[in-house]
Amino acid sequence: MHSPSDRQTSEKQDSGPLPLSLADVEEAARLIRGAVLRTPFLPAPKLSALTGAEVFVKYENMQVTNAFKERGALVKLLSLTEEERQRGVIAMSAGNHAQAVAYHAGRLGIPSTIVMPETTPFVKITATRGYGAEVVLAGDTLVGATAEAQRLSEEKGFVWVHPFDDPHVIRGQGTIALEMLEDVPDLECLVVPVGGGGMISGMAVAAKGLKPGISIVGVESRLYPGMWSAVHDQDLPCGGPTIAEGIAVKDVGVLTRKIVRELVDDIILAEESAIERAINLFLTQQKTLAEGAGAAGLAALLTAPELFRGKKVGLVLCGGNIDPRLVSSIVIRELSRDGRLVSVRIDTPDRPGVLGEITSLIGGRGGNVVDVSHHRLFLNVPAKGATLDVTFETFDAAHGQAIIEALRERGYAVRQMNVAEVMA
């Protein structure tokens, strides 16, 4: 917990007028018009039926770099003087901010340097270089990369483009809310993923300026409750592997914290399982890709449906940059959770025809066998026995259990397994 002196310092920093106004966001919208895609904001009837809210989705994953970060990056770059443009810009990011700065700096003829941790996936490094940026790899973590970016900025005079704690970046991200309320003026609630707080801050300024009674709800991964802790003056544990790495921020911005304290109504902490489910729902129900951070808004509706039931809710699918292998793993895990993909381990006598008998029994009851692994060398298997690992598709969990019971009735010893482990 924060000490009383810490709390007083925090409250003092957050006092005074807000650093941005609706007019600032409206000016940002004029600046980026025609250079950043005005993404679709569409009703999602299937998600509405699932959550009990009337859901609309803002598809920021359709931007050129597949994420919302282009808005704030472009506004910041357009604010530079000619002398600053000639000096060039520097940013630190392992993901969407890096690509946004590189892309729009390249468009504007501004030299850009992006510092990324040495552990950044090669595909992201390649994409950032592809937009014309010089990529510098430094440090094992974002902390190390940030230190190197600050050193280079001081040494070479680069202009720093912060990913969230900059008024130009914040007002650029706020243009998302302007578009949402222009398309659906009677929205009652906006649900916004929160990392450092740039997007929710800008959107809150814009939305509350246009419609003071609208509710603004943020969502963070429960593993990284940085903004929740900041606005509640608490120190919840922050860290660990999360599927929502785009919002895995420990230290939120000074400006963003001030705005969130003033304008955001609530912050929901979503479990990893809810974020995984949301990614899968966007893929299977909306036929679109969402990265973990992009799916966080839907995860909030799954986490606390009672807060949104019956309301007209706008979600921001803020990014779609996700590893296809991770998507595949999530789909398999969700099928397993729903009971529509079942893996079993069966102890059998090692005699001809057994495999055919088992697969025929599964198929005869409507299951679809997708994978079989036959083991004779396990030390816990009798010398004249074998073990079969069988994975099969079903209509639902009850159907899968009926097939397992049919196998047991035929005399087989059947143990249900973790699908992801069996198919790894």
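Figure 1. The C-alpha centres of domain 1 and domain 3 are 43 Å apart. In this predicted model, local features require a pLDDT of at least 70 and side-chain atom pairs count only at pLDDT 80 or more, while totals for chains, interfaces and linings use all residues. Residues are numbered from 1 along each chain as its sequence is written, and side-chain values use heavy atoms, with hydrogens and water left out. The division of the chain gives domain 1 (22–67 + 166–323), domain 2 (89–157) and domain 3 (339–423), with bounds taken from an automatic or database domain assignment. The average pLDDT (the predictor's confidence in each residue, from 0 to 100) is 90 for the chain, and 92% of the residues score at least 70. Where pLDDT is low, the predicted coordinates should not be read in detail.

Figure 2. Asp338 is placed in the loop between helix 15 (324–337) and strand 11 (341–349); helices (H or I, at least four residues) and strands (E, at least two) are DSSP runs numbered from the N terminus. Asp338 counts as partly exposed because its relative accessibility is 38%, where buried means under 20% relative accessible area, exposed over 50%, and partly exposed in between (1.4 Å probe, protein chains only). Its side chain makes a polar contact with the side chain of Arg340 at 3.4 Å. A polar contact is a pair of N or O atoms within 3.5 Å; within protein, one must be able to donate a hydrogen and the other to accept it, and residues adjacent in sequence count only if both atoms are side-chain atoms. Leaving aside residues up to four places away in sequence, Asp338 touches Asp396 and Ala397. A separation of 40 Å lies between the C-alpha atoms of Asp338 and Ala73, which are 265 residues apart along the chain.

**Figure 3. Ser229 in helix 11.** Ser229 belongs to helix 11 (residues 226–232) and is classed as buried because its relative accessibility is 7%. A polar atom of the Ser229 side chain lies 3.2 Å from the backbone nitrogen of Leu236. Not counting residues up to four places away in sequence, Ser229 touches Gln234, Asp235 and Leu236.

**Figure 4. Aromatic pairs.** Two aromatic pairs occur in the structure. Rings of Phe, Tyr and Trp (its six-membered ring) pair if their centres lie within 6.5 Å; planes under 30 degrees apart count as stacked, over 60 as edge-to-face and the rest as tilted. Phe41 and Phe56 form a tilted pair, 5.8 Å centre to centre with 40° between the planes. This pair links Phe41 in strand 1 (residues 41–43) to Phe56 in strand 2 (residues 54–59), 15 residues apart, and both Phe41 and Phe56 are buried. Tyr103 and Tyr131 form an edge-to-face pair, with 5.4 Å between centres and 65° between the planes. Tyr103 is in helix 6 (residues 96–108), whereas Tyr131 is in the loop between helix 7 (122–130) and strand 5 (134–137).

**Figure 5. Cysteine positions.** Zero disulfides are found in a search of the whole structure, a disulfide being a pair of cysteine sulfur atoms within 2.5 Å. For Cys238, the nearest cysteine sulfur is that of Cys318, 17 Å away. For Cys318, the nearest is that of Cys189, 16 Å away.

How values were computed: Contact means heavy atoms within 4.5 Å.
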